[in-house]
Amino acid sequence: MSEQQITFSAFQKLIHDMYFEKDETRGVEGTFMWLMEEVGELASALRSGENPQNTAAEFADVIAWLTTIANVAGVDLTAAIAAKYGHGCPGCGQFHCICDNAEKP
Ligand SMILES: [Zn+2]
């Protein structure tokens, strides 16, 4: 899996192959706690703004833990993303969102 070729499918498979047995044993609830911890670390990194490499690594950790939960819950992230966002904004249906700023798209 090279940097240029990474897709959500390839990444989800990588996480599955590396961690699924441990993740399945830990379960959704335990894994969700790890995700929340990583979200906190991302917030800290963004707030400090001191180490861009560390901030990038925290983004990777959040995606990895989110992907882990998808694996345990049996969700295909590529299919989920395509179904929800592949046809434009879920709110307005446009590829450049025109939803009111007060609304969550
Ligand atoms: Zn929209």
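Colleague: What is the relative accessible area of Cys92?
Modeller: Cys92 is partly exposed, because its relative accessible area is between 20% and 50%. This is a predicted model, so the figure is computed from predicted atoms. The value for Cys92 is 23%.

Colleague: Which residues coordinate the zinc ion?
Modeller: The donor atoms are SG atoms, at 2.2 to 2.5 Å from the zinc ion. Along the sequence, the donor residues follow the spacing C-x2-C-x4-C-x1-C. The residues are Cys89, Cys92, Cys97 and Cys99.

Colleague: What is the geometry of the site of the zinc ion?
Modeller: There are 4 donor atoms, with angles of 102 to 119° among them. Four donors count as tetrahedral if all angles lie between 85 and 135 degrees. The ideal value for four tetrahedral donors is 109.5 degrees. The zinc site is therefore tetrahedral.

Colleague: Is Cys97 buried, partly exposed or exposed?
Modeller: Cys97 supplies one of the SG donors of the zinc ion. Its relative accessibility is 36%. Buried needs under 20% and exposed over 50%, so Cys97 counts as partly exposed.

Colleague: How many helices and strands are in the chain?
Modeller: Read from the N terminus on, the elements run α-α-α. The C-alpha trace spans about 40 × 35 × 30 Å along its principal axes. The chain has 3 helices and 0 strands.

Colleague: What percentage of the 105 residues of the chain count as buried?
Modeller: Buried means under 20% relative accessible area. Over the 105 residues, the buried share is 24%.

Colleague: Which element gives the most to the lining of the largest pocket?
Modeller: Two helices, α1 (8-48) and α2 (52-73), each supply at least two residues of the lining. The lining includes Phe11, Leu14 and Ile15, as well as Asp61, Ala64 and Trp65. With 8 residues, the element that gives the most is α1.

Colleague: How do the residues of the lining of the largest pocket divide?
Modeller: Lys22, Asp23, Arg26 and Asp61 are among the lining residues, and residues of the Asp, Lys and Arg types count as charged. The pocket itself holds about 160 Å³ of space. The lining divides into 7 nonpolar, 1 polar and 4 charged.

Colleague: Which residue has its backbone nitrogen 2.8 Å from a polar atom of the side chain of Asp100?
Modeller: Asp100 is in the segment after α3 (77-85). It counts as partly exposed, at 45% relative accessibility. Its side chain has a polar atom 2.8 Å from the backbone nitrogen of Ala102.

Colleague: How many Å separate the C-alpha atoms of Gln53 and Asp100?
Modeller: Gln53 is in helix α2 and counts as exposed, at 68% relative accessibility. Asp100 and Ala79 are 21 residues apart in sequence, with 27 Å from C-alpha to C-alpha. Gln53 and Asp100 are 47 residues apart along the chain, and their C-alpha separation is 35 Å.

Definitions and conventions. Residues are numbered from 1 along each chain as its sequence is written. This is a predicted model: local features need pLDDT of at least 70, side-chain atom pairs count only at pLDDT 80 or more; totals for chains, interfaces and linings use all residues. Side-chain values use heavy atoms; hydrogens and water are left out. On a 1 Å grid over the protein atoms alone, a cavity is a set of points where a 1.4 Å probe fits but cannot get out, and a pocket is an open set with protein on both sides within 12 Å along at least five of seven lines; lining residues have an atom within 4 Å of a point. Grid points are joined across faces, edges and corners, and a volume is the space filled by probe spheres set on the points. Helices (H or I, at least four residues) and strands (E, at least two) are DSSP runs, numbered from the N terminus. Donors are N, O and S atoms within 2.8 Å of the metal (3.2 Å for Na, K and Ca); water is not among the atoms, so sites may look incomplete. Four donors count as tetrahedral if all angles lie between 85 and 135 degrees; four count as square planar and six as octahedral if opposite donors are over 155 degrees apart and all others between 65 and 115; anything else is irregular. Buried means under 20% relative accessible area, exposed over 50%, partly exposed in between (1.4 Å probe, protein chains only). A polar contact is a pair of N or O atoms within 3.5 Å; within protein, one must be able to donate a hydrogen and the other to accept it, and residues adjacent in sequence count only if both atoms are side-chain atoms.
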